[in-house]
Amino acid sequence: MTAPVQNVALGIAFRVAAMACMACLSALVKFTGERGIPVFEIIFFRNLFAFVPLGLYIARTTGFSVLKTQRPFGHLIRATVGLTGMVCGFSAVQYLPLTEATALQFTSPLFMTALSALLLSEKVGRHRWAAVFVGFIGVLIMARPVPGEMNVPGVTLGILSALGAAGAMVAIRQISDTEKGPTIVFYFTLGGVVLGAVGSMFHWVTPDPMTLALLIVAGLIGGVGQLFLTEALRQAPIGVIAPFDYTQLIWATGLGLVIWGELPHPLTLVGAVIVAGSGVYILNRELQRFRAR
């Protein structure tokens, strides 16, 4: 079979567009939360309407036969861990400025390195462990753990969200040998609808027309952003496009400034640069190890 032709520039464009979508999604989550919509209800709408772009994508590319799975329990684990992270992440933006909540998400590669060593028994050399250590120094700088400065609930939820995202990526590694990307995304999204529906049974707030429209847009944007991530990986190597994940901070900073008048704390930016640098270094070491096999 002929290998698909790759287009690096298009891959980068898809990745940057995906990060813009994710920043917009976070802003919509924060905005609808401020309008009184509970987190589980937001999760319900985000995943329900993500099925619109996802269904169209599957119909036009792989076909719905891709939904056949050999690893239902693996999907359950991936969805459980990933959705736990989503609950924490959607809650974190209610406590923190958008820029700070986004910056804390950059700790995912640090957690993923540690979890890969603990759960997958992967060998992690001293260089990557050193990058993890430096990265967490960046987290401390962002968190500002001094009396009156640290937002304990927000920072805790933000870090737990990144931990959940890292755990989800480890779970994806374990099932990706038999499961395709659209399959994994479909069952994760389905799990999000179920979790959101069950959680909303205990606290449902009927949204006004404007808020309902924003919730629907959040679902569509979340679904489109996920597809942009998938297409980016189809167009270019992960090592080329992954560093562009950090453009999400630029989008989040702009949205936070325009919508809420938030100016990021200087230490948030300093810490984010340290964490991002550690993440890029870990990625480069991962790629070197993979090529040496």
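**Overall fold, helix packing and cysteines**

The protein has 293 residues and a radius of gyration of 19 Å, which agrees with the value near 19 Å for a compact globule of that length. The radius is taken over C-alpha atoms, and the globule rule is 2.2 Å times the number of residues to the power 0.38. The model is predicted: local features need pLDDT of at least 70, side-chain atom pairs count only at pLDDT 80 or more, and totals for chains, interfaces and linings use all residues. Residues are numbered from 1 along each chain as its sequence is written, and side-chain values use heavy atoms, with hydrogens and water left out.

The C-alpha trace spans about 50 × 45 × 35 Å along its principal axes. Of the 293 residues, 49% are buried (under 20% relative accessible area, 1.4 Å probe, protein chains only). The secondary structure comprises 13 helices and 0 strands (DSSP runs, H or I of at least four residues for helices, E of at least two for strands, numbered from the N terminus).

Helix α1 (residues 8–34) packs against helix α10 (residues 209–235). Their axes, lines fitted to C-alpha atoms over the stretch in contact, lie 8 Å apart at an angle of about 155°. α1 is therefore roughly antiparallel to α10 (angles over 145 degrees, on a scale from 0 to 180 between N-to-C directions). The contact of α1 with α10 holds 23 nonpolar, 7 polar and 2 charged residues. Nonpolar covers Ala, Val, Leu, Ile, Met, Phe, Trp, Tyr, Cys and Pro; charged covers Asp, Glu, Lys and Arg; the others, Gly among them, are polar.

The structure holds 0 disulfides (pairs of cysteine sulfur atoms within 2.5 Å). The sulfur of C21 is 6.6 Å from the closest cysteine sulfur, in C24, too far for a bond. C21 is buried, at 13% relative accessible area. C88 is also buried, at 11%.

Key. Buried means under 20% relative accessible area, exposed over 50%, partly exposed in between (1.4 Å probe, protein chains only). Angles under 35 degrees count as roughly parallel, over 145 as roughly antiparallel, 65 to 115 as roughly perpendicular and the rest as oblique.
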